[in-house]
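Open the model in your viewer and keep the selection tool ready.

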Amino acid sequence: MHVRYAPILVALVAFLARGGSIAGAQETAPETAPETSPNDPGASSKAPVPPAPGPEAGPGTEDDQRGKTGLSAPSSSEPTPPDASIGGAPGAAPPRSAPAPAGPVPATQEPPAAGAPAAGVPAAGAPVPGAPVPGAPVPGAPRSAPGGQPAPAELEALELSPEDLAELEAEALTGSAPEVEGAEPGAESPGLRLQTLSILGTALDALEASGSAHVVEREELERFEQDDIHRVLRRAPGVYVRGEDGFGLRPNIGIRGVTSDRSKKVTLLEDRVLLGPAPYSAPAAYFFPVVTRMTGVEVFKGPAAIAHGPQTIGGAVNLLTRSIPGGEEGELDLAAGMFGYRKAHGYYGYGGERWGLLLEGVALQSTGFKELGGNGAQDNTGFDKQDLMLKLRHSSPATADVFHQVDLKLGFGTETSYETYLGVTLDDFGEDAFQRYSGSQRGKMEWWRLLGEFSYLVAFGEDVQVHTTLYRHDFDRAWEKLNRFGGGTSLDNVLKNPGGGNELLVNILRGDLDSDPSVPEQVLLVGTNDRRYVSQGVQTVVDLALDLGPMSHQIEFGARLHYDQVVRDEAEDGYLMSAGVLVPTDQPEHQTADNRGRTLAGAVYARDEISVGPLKLTPGMRVELFESEFKDRETDTEGDRFASVLIPGLGVYYRLFEQLGVLAGAYRGFSNVTPGPHLLEANGAEVEPETAINVEAGARYADETLRAELIGFHSEYDNILGECSNRTLRPPLCTPETIGLQFNAGRARVRGLEAVVGYAAQGPVDLTFGVDASYTLTLSEFLDEDIVTPDFGEVEPGHSMPYMPIHQGALSGRVEHPVFGVALSARYLGEMRDVAGTGEPPDNERIDGNLILDVSAYYHATPADRIYLKIDNLLAQDYIASWRPFGARPGKPFSLQLGYKHHFGM
């Protein structure tokens with residue numbers, strides 16, 4: 001193809017992708033455009049999109065913001081455009097453009113959820129309102145022919161030969177571009193690849209959503225190179241995270257009032273598939289994927305949560321894995337740092353016209369930042385973690401009238417971590433925040449996980465698609481750790497009240513005194529919690545687009561049949577402290593749990609996003625049916641429970657002006673009773689599920705440089721569930737034999753305010769600037785009295801909930817250039833309580849507020865080679881992250897890491 005056709009090629013690509021006029025064609029996309037792949041399982045089957053804007057445009061076109069998929073230009077070394085990540089996503093959007101004609105249907109992994117916005121907003125640096133939208137119809141311009149192809153008159157005007165057209169068509173299908181005569185050697189060719197979007201797509205896709213939703217995009221994840229999901233989510237308003245081990249190995253995530261304890265009241269997803277070990281029977285997240293291999297994180301709150309059960313009480317978190325590329329692509333990421341930190345991360349992918357593959361692996365390790373006292377056999381307090389993923393894809397031709405695609409996703413992960421539930425006393429924390437007592441020297445968690453998912457997609461044109469996924473996850477783990485003293489003495493009580501009769505026991509834990517073998521109360525009971533989980537099922541999502549006169553519908557219907565189970569085989573052995581070493585006693589092993597819990601669940605939901613001019617209504621409904629069984633094999637007793645629930649919801653969005661819109665929503669939140677010892681007594685009739693009526697209302701604003709959101713929320717709980725777990729062993733209420741026992745904690749109320757502000761602008765000499773801020777105000781109170789639970793404590797009216805700060809906020813800023821960049825992130829977490837209460841908490845139940853700063857910087861030695869530096873806890877703050885499970889637990893100290901990345905291909 002002659003070089004004189006190069007500008008026409010770019011214009012025609014935009015034309016073919018949009019099915020509209022060539023007037024809105026833009027330049028090739030910057031390197032940080034959303035990753036793409038033809039027929040990729042993460043893409044949507046909606047209308048095509050033109051090449052992404054150049055360096056002065058915002059991150060994504062109008063169709064990007066509708067959660068659609070299409071063609072984009074390859075990445076280049078141009079600077080990253082000002083993005084709208086989690087701190088700056090919200091804002092109003094301009095009116096929708098005319099729908100693109102139906103054309104070839106690209107493949108998808110999942111259809112975008114009904115409720116995804118129908119239009120976007122001008123991002124920082126984008127054309128001002130009123131300017132032509134790329135790909136939008138232009139008055140007086142020639143109309144395109146059916147299928148999104150140019151009309152014959154337009155082809156004649158472009159003066160393209162049949163050979164040129166054939167070459168261009170092949171390029172659009174394969175993702176490869178022909179060489180352009182006269183191009184510089186090694187220069188990027190104007191090839192095409194398909195954009196891959198998720199449930200929301202990008203942060204801009206949340207702008208017209210009628211429920212509260214936030215996105216952490218790939219650029220943000222790579223900017224700070226985080227391995228800890230707690231640090232990733234701390235900028236999301238309305239999300240509460242509680243540290244435990246400093247690495248985020250077993251996260252504690254809560255949303256809008258639900259307990260953060262082991263993330264069990266939040267629906268956790270990976271590529272829209274439940275990721276927990278047993279989401280219905282044992283939802284505590286003892287497993288969590290390696291965050292460094294994720295390319296995005298989505299947070300759903302408000303009415304949007306009803307599409308992502310079973311835990312709809314607070315919301316959902318969806319993790320996005322890497323997509324199969326639209327050509328050959330790969331990367332190697334190596335890093336090292338303090339406390340023996342090592343990272344090796346790499347991937348290779350290739351995507352052709354009808355098939356593709358992706359192989360990705362991660363290995364992380366650290367020797368830990370805590371120092372183990374005594375003369376233990378090992379002094380490693382860190383972890384060693386591996387994660388491997390393979391994706392395969394095959395599809396029919398993209399030009400097929402009915403498009404078919406099959407995807408296979410396989411995964412394997414392992415972890416060995418030398419973690420414990422044992423913290424230290426407040427005084428010992430003040431002397432050395434990072435010490436670990438000798439009593440914890442046998443702490444060790446080992447697990448492995450297998451993942452298998454098979455997906456089939458069929459799309460009928462651009463308006464109907466059906467996506468079905470068959471999945472199975474197996475998870476096996478064994479955690480050896482100190483549980484308690486003999487005689488039932490609680491470690492929580494010993495460490496919070498180290499004086500008096502507990503002083504001797506604290507000295508034994510430290511290794512300063514030896515146990516007296518004749519005194520049972522001085523024997524340390526170390527338990528191995530051996531558990532095996534299965535999670536399997538099949539789910540189908542149908543996405544339908546309808547235009548009925550002035551009213552358009554985006555309908556999503558989903559159904560899932562799911563089975564999961566947990567098998568517990570847990571025992572305790574006695575140990576004596578002798579010269580700082582735990583020595584086994586001659587006592588026989590004591591079985592503490594030998595049981596099985598299982599759940600068979602069916603779920604159906606439907607949502608309809610109805611758009612009429614500036615008004616968008618999103619009614620939805622979810623139905624869940626559960627059949628649970630618990631069997632205690634020691635006593636040969638069993639119990640079962642059947643439950644059903646109807647979960648309605650409604651979201652409303654109204655665009656007041658191009659830059660400003662208002663929203664409101666209401667839905668019923670629900671969290672089911674899990675199978676446990678309570679099922680053995682009257683089939684669990686005395687334990688009620690956790691339910692709440694949740695409402696929200698607010699406004700969103702966005703213009704060329706500024707984005708803002710303000711939302712108030714109110715949750716009225718009919719009942720909150722408490723649970724006995726290894727983290728809340730407080731005899732006699734909670735013992736190892738009653739793990740899994742649930743309690744009614746009564747009525748409660750949570751109110752709050754979420755605010756988000758983001759600013760981004762283009763500066764001189766190719767510099768870009770960005771500032772994002774978020775703030776959450778939360779007021780909580782229990783409404784019933786005379787209730788005692790192991791995880792909330794003694795509940796009285798007016799008591800605030802534990803681990804729910806009144807104030808929390810985050811602020812980040814960045815300065816970036818094509819060659820270098822620097823970013824700073826600050827998080828403030830207000831004072832929290834360890835147990836429910838009012839007024840000023842005592843020292844041994846208070847987590848003081850703290851301010852933590854992280855910084856990152858990078859330098860591109862070449863366009864393909866990047867050197868980066870990251871520092872966590874820049875000010876070296878020593879702070880208590882939690883009093884749970886037992887005693888004061890520190891947050892991550894000052895740590896520095898240096899890394900190198902080499903990228904090749906697209």
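Why does glutamate 716 count as partly exposed? Glutamate 716 has 25% relative accessibility, and partly exposed covers what lies between buried (under 20% relative accessible area) and exposed (over 50%), with a 1.4 Å probe and protein chains only.

A note on ground rules. This is a predicted model, in which local features need pLDDT of at least 70 and side-chain atom pairs count only at pLDDT 80 or more, while totals for chains, interfaces and linings use all residues. Residues are numbered from 1 along each chain as its sequence is written, and side-chain values use heavy atoms, leaving out hydrogens and water.

**Stop 1: glutamate 716 and arginine 749**

Select both side chains. They meet in a salt bridge, 3.0 Å from N to O. A salt bridge here is a side-chain nitrogen of Lys or Arg within 4 Å of a carboxyl oxygen of Asp or Glu. Arginine 749 is partly exposed, at a relative accessible area of 24%.

**Stop 2: glutamate 629 and arginine 596**

Now show this pair. Their side chains form a salt bridge at 2.5 Å, N to O. Glutamate 629 belongs to strand E23 (residues 615-632) and arginine 596 to strand E22 (residues 590-612), so the contact ties together parts 33 residues apart in sequence. Glutamate 629 is buried, at 13%. Arginine 596 is partly exposed, at 27%.

**Stop 3: arginine 235 and glutamate 220**

Move to arginine 235. Its salt bridge to glutamate 220 has its closest N and O atoms 2.3 Å apart. Arginine 235 is in the loop between helix H6 (229-233) and strand E4 (239-241), and glutamate 220 is in helix H5 (residues 218-224), 15 residues away. Both are buried. The whole structure holds 54 salt bridges.

**Stop 4**

Select residues 402-417 and 444-460. These are E15 and E17, antiparallel and joined by 16 bridges; strands pair if DSSP finds at least two bridges between them. Glutamate 415 has tryptophan 447 of E17 as its bridge partner.

E17 pairs with E18 in the antiparallel sense over 17 bridges. Glutamate 453 stands opposite tyrosine 471 in E18. Finish at the hairpin of E17 and E18, with 3 residues between the strands. There, glycine 461 takes a positive phi near 65°.

How values were computed:
Helices (H or I, at least four residues) and strands (E, at least two) are DSSP runs, numbered from the N terminus.
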